[in-house]
Amino acid sequence: MIRLIYNLGLPMVLILALPLLIVKAIRVPGYTAWIGRRLGLLAGSAPRSCPPREGKLIWLHALSVGETVSARPLLRVLRRHFPEATLVLSNSTRAGAALAAASCGALADRLEVLPYDLPWVMKRLVRRLRPDLFILVESDLWPNLLRSLAKEGVPQLLTNGRLSTSSWRWYQRLRFLVRPLLFDSFAFLAMQTGKEAARLRALGLPPVRVGVLGNLKYPAALDPWPPSGSTLRLSRGLLGIGDDKLLWLAGSTHAGEEEVLLRAWRRLHREFPELFLLLAPRRVERAGEVLELARRYDPRARLRSAPGNHGGQVLILDSYGELAALYPLSDLAFVGGSLVPAGGHNPLEAAVGCRPSLFGPHMEDFAEISLDLLAAGGACQVKDEEEIVTAVTLWLREPAARAAAGRQAARLVATRSRGVLTAHLEMIAKLLGSDLPSEEKR
């Protein structure tokens, strides 16, 4: 009954949303083709010219940008250790698809856009791809997709699974509906933490089908996009930031955070006049709004795209794809989406560059990683402007302590990355009924 209600309700929602989709298709270049793919009317594309492969087909699905980043090192080792396999990568968002095309084109044989979860569309997609294994990275559970895969006898693996506290509360109340719809079809559910694995077992899933293989975000941090070599092209001089400056990089910030950071920067600037603040809003289209705000604190604040150096000490990043390569140029970082209830963003981008980071109390999407960094001494958690000023002042007054915190953060990434990809490869080989190469077993 719940599946029937779902399958009746989803088309109605799409029909109601149709006028908005049409308007967006008119206004946004390329959106018509995107909607065609989401409705299952257009197929995916091969990102590179390659001969047909004779091996098995492995389909990875990554919802958006964060999941695509997690999927990339897994794609890389699959390409290396199962060279005969056909690898398909799908996404559900335009940002995720754009990143997949840019960073995974040399790894995947085919890129797909996951259509809306209409039963007949999913059935057709599964029969067209005919996968031997389906790997879902982190989230994006769709009942009709999972059902179509199960009907075709395709083994399913959830990897890097997350189960937020709010989702857990709903799942507990509706466990007899949620489990058969979302979880029962998986051959194995690899969660990010033992706590999340225990929650799934509490829903009644057999312990043998739930476990922890390690967090893919750690090896993903060592496999950055753009590649770390791009820091050779991105220099402080190119950004108009003198080598005598201390650079504080606030990455992936949200509305409500920039003003707190700017107030803290202005207070810190009195003691540290060489402190330069680089704000990178999560949504680049907010750059103009953030610039207007920044000029209340530094009238010469400017955008990254603005020509020349106007002498200000606040810079707004308004470009795509540069943030990860900027962390090694900084002295310390702030992780956005954490002072406001947005779940936080990935603090490992700063950590892998040996940079300590600050983040707020809302790191729910990176709970395990943030706790790991705090325990290792590679980060500091703050809740407001006052605590930000205190923490940054400590690190700026004590360069040795700041450098040590950065080293601890980088060491954590290196340590927690070990064995993660091997554990995933072993599980994938088991589900495929294949042997893992002997050198990988070692």
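Predicted model: local features only at pLDDT ≥ 70, side-chain atom pairs only at ≥ 80, totals over all residues.
Local features need pLDDT of at least 70 and side-chain atom pairs count only at pLDDT 80 or more, while totals for chains, interfaces and linings use all residues. Residues are numbered from 1 along each chain as its sequence is written, and side-chain values use heavy atoms, without hydrogens and water.

The sheet is open and has seven strands in the order 3-2-1-4-5-6-7, with parallel pairing. Strands are DSSP runs of E with at least two residues, helices are runs of H or I with at least four, and both are numbered from the N terminus; two strands pair if DSSP finds at least two bridges between them. Strand 3 (110-113) and strand 7 (210-212) are at the edges with a single partner strand each, so one side of each has no neighbour in the sheet. From one strand to the next the twist averages 20 degrees. Strand 5 (residues 156-161) and strand 6 (residues 188-191) run parallel and are joined by three bridges. Leucine 158 has leucine 189 of strand 6 as its bridge partner.

Helix 5 (residues 119-129) and helix 6 (residues 143-151) have axes that come within 9 Å and cross at roughly 40 degrees. Helix 5 is therefore oblique to helix 6 (angles under 35 degrees count as roughly parallel, over 145 as roughly antiparallel, 65 to 115 as roughly perpendicular and the rest as oblique). Pro119, Met122, Lys123 and Val126 of helix 5 make the contact with Asn144, Leu145, Ser148 and Leu149 of helix 6, where contact means heavy atoms within 4.5 Å.

Note on methods
Axes fitted to C-alpha atoms, helices over the stretch in contact; angles between N-to-C directions.
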